[in-house]
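Here is a short report on one protein model and its ligand. Look at the ligand's surroundings and at the aromatic rings.

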Amino acid sequence: MIVTHGPNPISFYAVLLVCGLGLGFVAGLPIVDGTLSELNVPGGIAMFVGSTTGMVGTYLALLMVILASRLPALERMLGQHGIIHWHRLLAPWTIALITVHAVFLSLAYAEVAKRGVLKEVGVIINKFPSMVSATVALGIMVGIGLISLPRIRSRIPRESWWLVHLLMYLALFISFAHEIVLGPSFVGHPLAKIGWAIAWLLTAALVVTYRIGFPIYRSLVHRLKVAEIRSEGPGVVSVILEGRHLDRLAISGGQFFEWRFMTPQMWWQAHPFTVSALPKPPYIRLTVKGVGNFSRAVAQIKVGTQVSVEGPYGAFTAFAMRRGRVLLIAGGVGVTAARSLLEDLPLKSRPIVVLRASRDEDLILADEVDELVRIRKGVVHRLVGSREAIPLNSIAKLVPDMAKRDVFISGPEDFVRDASKMARRAGVDAKALHQEAYSI
Ligand SMILES: Cc1cc2nc3c(=O)[nH]c(=O)nc-3n(C[C@H](O)[C@H](O)[C@H](O)COP(=O)(O)OP(=O)(O)OC[C@H]3O[C@@H](n4cnc5c(N)ncnc54)[C@H](O)[C@@H]3O)c2cc1C
């Protein structure tokens, strides 16, 4: 029997409740700080709207930074899929609210000063403390919002988008002073000021600890370096790394690391790749399909190159199971998660595995999957062909008891989305559906 202490829905709702209470608290600050009682004075309504949207928008930004901090408890609870989902959900609201905040406060001050709005904006930037940096921050945020619109984002190289997107940290940092110095909810309210500063300091500490400190620590402990690059199929290579103390890595099958290859061209970005086999000290393996500049360059990395890792992350593991039986559905290179997760399944678990690819040669690691499934007395279905020839619905016919199984789906984002819809239509409960979309 499989241990089933996966992400706990009670802790998820508890976190949601705490976030909701925090939201209520910051949204309530402009009500109790006196801004609400001044609705009737000139500019009062715009001031209230501007203050409230500013507080709520910055609070959502705080939540987004916490989401991006790689806090292990959050990673376990939401998984990469959930973190990306919440990040994408909050991001447009954050930027829109902060922009509305700037517009309405400009209107409010213009009404009070009886000046044109554009003239007032000039006065605010030049005369009010910390407003130059706040204006630069707003420009950065709006810029990030624009380049993140799907139509624009799809035309920009991912690395460039990602680098610009990192400027959000700078924008939040340089806008902090104007919040504390000018925010009606903080001026004359020392407790609110201290609470806000502590919340941001703790959040910054999370980012520094988990995104910088831990990877450095892991790199020093494990000293990973490339031992071999092996071709697995068209455009797909396995990277075998050698390191120290790999038995100390608390990793489950299906989890991934953010890998940073220390070559002159690649050191500055870390990308997520799932371990395609559990570590066999002193070795650990990942398998990479070349789809863009970074992943294609992996095949050219020289033996001996040092590698730094962040992780392991992800909730796509046997611990997430709610039922005794399992169906793994892997699209293309999504087989990496299925392959390593299989190793964590008990010997009598009788897993059903569906490997989906357009061509036979794209069925990578299939022999290893066959062997792992065989010794677990399960079945592998290889679905090879175009989407038209082999629709995802055919899986429902192959696995009639799908609704009684935990269903793990991994692969490219659209594959995971479509296969998840198919599974839901086949009656799989949301709690028994586990997804790892290989999208970044
Ligand atoms: C949790 C997680 C685990 C992952 N595990 C693996 C893994 O084990 N092996 C692996 O090869 N990849 C894996 N990926 C995907 C991998 O991280 C990306 O393919 C890689 O980072 C792309 O970077 P790039 O700069 O090479 O390409 P980009 O410039 O980012 O992408 C180039 C183009 O390829 C598209 N693209 C991106 N990813 C895929 C994909 N998987 N399939 C088809 N098209 C794609 C993009 O939409 C874009 O159009 C994983 C992703 C996540 C989020």
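A residue is called buried under 20% relative accessible area, exposed over 50%, and partly exposed in between. The model is predicted. W162 has 22% relative accessibility, so W162 counts as partly exposed. W268 has 25%, so W268 also counts as partly exposed.

**Aromatic rings**

The model holds eleven aromatic pairs. In one of them, the ring centres of W162 and W268 are 6.4 Å apart; their planes meet at 40 degrees, so the pair is tilted. W162 sits in helix 7 (residues 158-182), and W268 sits in the loop between strand 3 (256-261) and strand 4, so the pair ties together parts 106 residues apart in sequence. Elsewhere, F186, W196 and W200 form one aromatic cluster.

**Around the ligand**

Which residues come nearest to the ligand? Of the 23 around it, they are R158, H271, P272, K289 and S295.

| Residue and atom | Ligand atom | Distance |
|---|---|---|
| H271, polar side-chain atom | oxygen | 2.6 Å |
| P272, backbone N or O atom | oxygen | 2.7 Å |
| T274, side-chain N or O atom | nitrogen | 3.1 Å |

The ligand has 910 Å² of accessible area on its own, and the protein covers 79% of that.

What builds the shell? Strand 4 (271-280), strand 5 (283-289), helix 9 (293-297) and strand 11 (433-437) each supply at least two residues. Strand 4 gives the largest share, four residues. By class, the shell has eleven nonpolar, nine polar and three charged residues. Domain 2 (223-313) and domain 3 (318-437) each contribute at least three residues to the shell.

Conventions: Residues numbered from 1 in each chain as written. Predicted model: local features only at pLDDT ≥ 70, side-chain atom pairs only at ≥ 80, totals over all residues. Heavy atoms only, no water. Near = heavy atom within 4 Å. Polar contact = N/O pair within 3.5 Å; in protein donor to acceptor, adjacent residues only side chain to side chain. Areas by Shrake-Rupley, 256 points an atom, 1.4 Å probe, with all protein chains shown as cover. Nonpolar A, V, L, I, M, F, W, Y, C, P; charged D, E, K, R; others polar. Domains from an automatic or database assignment. Phe/Tyr/Trp six-rings, centres within 6.5 Å; stacked < 30°, edge-to-face > 60°. Buried < 20%, exposed > 50% of the residue type's maximum accessible area, 1.4 Å probe, protein only.
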